[in-house]
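Good morning, and thank you for coming. I would like to take you through one structure today, moving from its aromatic rings to its sheets and then to its surface.

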Amino acid sequence: MANVWFHHSSFPERTHQRFRRHNKHRMHPRVDFQQTARHRLSGVTGLVDGFDNLPPPPLVHVEFFTNEKSLKERLQLYFIKNQRSSLRIRIFNVLIKLLSCALYVVRVMTDKDGKVCPDADGDIQNNTADRNYTNCWHSINPDKFQENPVTHWERIIWVDRSEVLWVFQVTVAIISLLETCLVQYLSYKGNILQQILSVVFILELINTVPFVITIFWKPLRHLFLPVFLNCWLAKQALDNMFNDLHRVLQKSHSALAQQLMTLCATLMCLVFTTCCGIEHLQRGGNRQFGLFESLYFVIVTFATVGYGDIYPDIWISQLFTMCMIVVTLIVLPRQFEQLAYTWMERQKQGGAYSSHRAQTEKHVVVCTTTLQSDTVMDFLNEFYAHPKLQDYHVVLLSPCELDSMMKMLLQVPLWAQRVIYIQGSALKDSDLARCRVQDAEACFILAARNYADREAADQHTILRSWAIKDFARHCPQYVQVFRPENKFHVKFAEHVVCEDEFKYALLANNCLCPATSTLVTLLMHTSRGQEGQTSHEEWQRLYGRCSGNEIYHITLGDSKFFGEYKGKSFTYASFHAHRKYGVSLVGIQISQHGSTIQLNPGPRHIMKDSDVCFYMNITKEENSAFILAHPNQEDPRADKKFFQSHESSFRIASAITSVGTIALEMQNTRVSSSPTTELRREGSQYKKLELPKDISNKTLQKRPSIAPVPAVLEVNDVRLLVDNGTSSEESFLYMDDDADDTFTEFIRGFPPVTPYVGTSPTLCHLMKEKRPICCLQLTEACAHCSYKTAKEYNWQTRAVIVAADNASNGLYNFIVPLRSHARPKPSLSPVVLLLGKSPDIKFLETICHFPMIYWMIGSIDNLDDLLRAGINLADNVVIVNKESSNSAEEDTLSDCNTIVAVQTIYRMFPSANIITELSQSSNMRFMQFQPNDYYSYTLSKLEKKEKDRGSHISYMFRLPFAAGNVFSASMLDTLLYQAFVKDYLITFMRLLLGIDQAVGSGHLSCMKITRDDMWVRTYGRLYQKLCATTCEIPIGIYRTRLKSHEPVTSQYSNASQISRDQSTLNLAFRNSVVTLNMRDAEVKAKSNTISPERHEISQMVKCRMQSLGQPPEDYDDVNDKMDTISYVIINPSYDLKLVLGDIIYLIKPSSLSLEPSPLIDERTLRLKRGEPAGMENEDIMKKEAGTKKILTGRVLNDGNSKIPIVYTDDTTDEDDYIDETTTTNTERNKTILSHDGRHHISNTSLSVDS
């Protein structure tokens, strides 16, 4: 019904028409109907003229009944259809049934019949005529009773029921009967017989109608009625009540909980029914059972124990017991089956994270398409490696069912209490609500690696991210995508890791700095630094211990590591923190809005309290213990002696630092107009420290020291003045490159065309004029270029070959680091893209602006394609894993194509440096596989041993991984996991790998230790040398050593001997028949130096080279890496000795800074002052002395060193404070040549240990 107020004039016209039709049989005068109707409807009588001014008509209250209901329909609405009122009726029905069962129990407990009479003659005293019936009985011997059992039916039929109890039972029965009859009437649907004969209705009649009859027939009030059967009606009402309850609350209930409740209710009804039935029937026997004894008997019987101490002794109770056992065997298995089926379905769908747990506990959600055990274990190990995350819960949301491996994994006690699996979709709000995403601390959205179509996998990830953002706007998202062009779809996420970006950047840096992928992988993984510590080999202990270094951050004002260096330069703080604490300070972030991380900002940056310091260490400072040198000794004399010694050392160090700084900057700076012209030193026998006036053989035997790292740019009145004119350091940095006519076509700039949206602006070497697209194809001649092979191009540097299925946009991130502006033009290597499919025009438009980038169609499985690509002219061969796999059944076989192809290339071209990407980290053991190599077998056992000890990176000792020849893209998942705790880590790695560039931030580089550089001796001295001269920060060492040869077992030796004998016979037969255009002497000589198998492969490759018109002399079949081991040492200790051939990882200061570096190359400053580049240091000193006298004496310099050498006398006490070097190195003016050909540091300058 609806109540509406209408104006009279608002009635529609059809109302008037209906009015006319209804009254057409009546006689009315001929008047205008419209006017008459208008006046009549106005409510004012006596008006005829329609032009009169009428008052507004009154409002009329109209009630509309949309559906007229009868009494039955209204009762149906209240009792059945309306959910809320129906729920009330259900609850009332359950309470009525439970009340009737409770009244029955009260009747049994208050029943006076069945008491044992005092007389024990053996005869039972009965008075059936009396309405008290049997008030007592005499119990006889059970054995005697069994001889002649008698059933006393009168005790079974009649019971003792008080009047008050009878009134309550009758009232409850009437109410229950009326409610049942009313519901049956309202639910009638045409088949009255079916409703009457239903079990529920018949049971209701049995328990209620006799009570109604007793109202009219008093003798029947003591009649026994099985009221306890109402428990089954209560169970049925309880099921209906819960169904209505969930409909009212509009919530989906758990099917498992419903089945469990039904099972419990069924079991309770069976026990209660049997207990009450056996108690009542046993009244007619010799031994009477109480309710507790009956319950004990039922439980023992149903449990199939059967002690036999209590048992029914008459046939009726025995029959009832057997019937209830049969009913139980029929009902309970059915209930258990339904429960088991529901539980199995529940296990497939997973559980749910309750709202209560979400409010009291913290959790994160991991969304992915498929749950692979390796991926899940990597996430759990990295996530729970941090102490503050131990109380977090992880909710796994996936639309796929768990496989057997994942089921076993989630049952491990370590994860069972902390990991919850939920089967569902992130695109469904109901499943997101089950995960409580709106209350989660973070949501990780992982891409599906098992998808062959990476574009489709990214589309799934994007939709999941959008759905979660729509459902829980404030939940932080950590998203992983494959393709870089899909990043901008999820740019709203807090952290995004693009696999192709990092993968190709790592592979490119591997070509510039060996084993960069290993360095970055170890930095990203959480490790205890305990791997390999039980090994008997030193390199494994050193490699494993240093692998525990990670990137941490701390504010300078809160740090004990760096707090004392407030007001000092960055390089000063980095060196001294490493020397004192063993930590390597590699970057900072200033406390300004919008500031980013700066890697090695150089000595310009002065440390402040608000600076955030980024450093490498085994553990973070908060978990470090600072222990005094003598923690249990508080002798003031010892402290006094300690401070006096350090004060004296500090005074001498200050003086020598001043002189060293003058010597360091003598060529590159001018002295300010300070009145101080002499440098004096307190506590010394010399009044003035002068440079030696002449050089002799004796002087050459003195030990040089390394210049100290300047604390600030102003030291003891000697001010470093740098010309701040229009010219900057960047203008002179590549002047030597520009002077070469070979590279006049190269310029530095930002790529004008980018392949996708969201690329970072990176300064690169570009072509002045973009190359024609036809010239990019290596093996096809065009109008501009007639070359068809790599040999014809006559490149000045060795090439880099990249083999991939297709030219994805991620290859742009491979080219950018190789064409970085920080690399000298002469060191740029040609890049050949060996693609399985032709690239699209958009990709070609992008790479045509870069110098020396080529592409060709080919495959790594084809020897001719490799030869045409110039594998003999390449330093590095990068093989990207194939996205398509020929093994859909087993994920671990997804790399089989790549592994076999790489093994073939390795056997054919042993001198080639092959860098391979795999999808499964466990397959790295198959790279460069040698089945009879005993050393590889020992490393395999070491890997298994470390894995059993709980190591997360047990594969780190595999030689291909340690040497940086293999990399798995799955290792990048750790970068996303660690970003939850280290939100700066992604930005840090992007800057380190050159994906992003920032003003003031340095870049990764390397240098090689030669024989002339061994005078530096230790890593700490090299650290000081680099910080004092070129402001570079070393972060690790790439070291190569020989294998330790172990005796092989007889099994291996016999097998190899048989193989050699057979191969020798084959080779002898071949040489006796065909010489392949070689002289017999050459055949004999080569047969004696290489293995027969190696000789056969060599001949096959050379034959193909001759067929392709390539000179066989370019082929190098010597493998000088067979017996070597290469590994990475991250952040070595200060006193670690350098080894010949070590490659040092460096973070160079940025050349994009707004201000020039205070330590600029000597040639740059000379050119800026208009001086010739070859001007001697002595001439410079004379020129400076013309304006102001600084120091007297001569400086030894050969014109190539940037820093003069100062020698001190060994007889002075200064040797206690000066780092000494060996005396065997007499060539003191050599320089260390870096890996890229630009790095020069001098080995001669003044230094102290300050």
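Let us begin with a cluster in which ring pairs link Phe 379, Phe 383, Tyr 384, Tyr 392, Trp 415, Phe 444, Tyr 478, Tyr 977 and Phe 980. Please keep in mind throughout that the model is predicted. Across the model, the count of aromatic pairs comes to 38.

As a reminder, a pair of aromatic rings is described by the distance of the centres and the angle of the planes. Phe 561 and Tyr 581 form a tilted pair, with 5.1 Å from centre to centre and 45 degrees between the planes. Phe 561 lies in the loop between strand 11 and helix 23, while Tyr 581 belongs to helix 23 (570-581), so the pair ties together parts that are 20 residues apart in sequence. Are these two residues buried or exposed? Phe 561 is buried, at a relative accessible area of 4%, whereas Tyr 581 counts as partly exposed, at 26% relative accessibility.

The second pair consists of Tyr 812 and Phe 850, and its geometry is edge-to-face: 6.3 Å centre to centre, with 65 degrees between the planes. Tyr 812 is located in helix 29 (residues 812-818), and Phe 850 in the loop between helix 30 (841-847) and strand 21 (853-857); the pair therefore ties together parts that are 38 residues apart in sequence. Tyr 812 is buried at 4% relative accessibility, and Phe 850 is buried at 0%.

Four strands form an open sheet, in the order 11-14-12-13, with antiparallel pairing. Which strands stand at the edges? They are strand 11 (550-555) and strand 13 (598-599); each has a single partner strand, so one side of each is left without a neighbour in the sheet. The partner of strand 11 is strand 14 (residues 612-617), and the two pair in the antiparallel sense over six bridges. Within this pairing, Ile 554 of strand 11 stands opposite Cys 613 in strand 14.

How much of strand 27 is covered? Strand 27 (residues 1124-1130) is mostly covered, with six of its seven residues buried.

Next, the annotated segments. An unreviewed UniProt entry carries the annotation "transmembrane region" for residues 87-106, 164-185, 197-217, 256-278 and 290-308. In the model, residues 87-106 are 100% helix and 0% strand, and the end C-alpha atoms lie 29 Å apart. Over residues 290-308 the chain is 63% helix and 0% strand, with the end C-alpha atoms 17 Å apart.

Finally, the surface. A nonpolar patch is formed there by Tyr 188, Ile 192, Leu 193, Ile 196, Leu 197, Ile 202 and Ile 206, which together have about 630 Å² of accessible area. Helix 8 (192-196) and helix 9 (199-216) are the elements that give two or more residues to the patch. Helix 8 gives the most, with three residues. Leu 197 is placed in the loop between helix 8 and helix 9. At 52% relative accessibility, Leu 197 counts as exposed, because the cut-off for that class is over 50%.

Conventions: Residues are numbered from 1 along each chain as its sequence is written. This is a predicted model: local features need pLDDT of at least 70, side-chain atom pairs count only at pLDDT 80 or more; totals for chains, interfaces and linings use all residues. Side-chain values use heavy atoms; hydrogens and water are left out. Two strands pair if DSSP finds at least two bridges between them. UniProt positions are given in the numbering used here, feature names are shortened, and annotations may be inferred rather than shown by experiment. Patches are made of residues with over 30% relative accessible area and no salt bridge: like charges are joined within 9 Å, nonpolar side chains (Val, Leu, Ile, Met, Phe, Trp, Tyr) within 5 Å. Accessible areas come from the Shrake-Rupley method with a 1.4 Å probe; for residues, only the protein chains shown count as cover. A salt bridge is a side-chain nitrogen of Lys or Arg within 4 Å of a carboxyl oxygen of Asp or Glu. Buried means under 20% relative accessible area, exposed over 50%, partly exposed in between (1.4 Å probe, protein chains only). Rings of Phe, Tyr and Trp (its six-membered ring) pair if their centres lie within 6.5 Å; planes under 30 degrees apart count as stacked, over 60 as edge-to-face and the rest as tilted.
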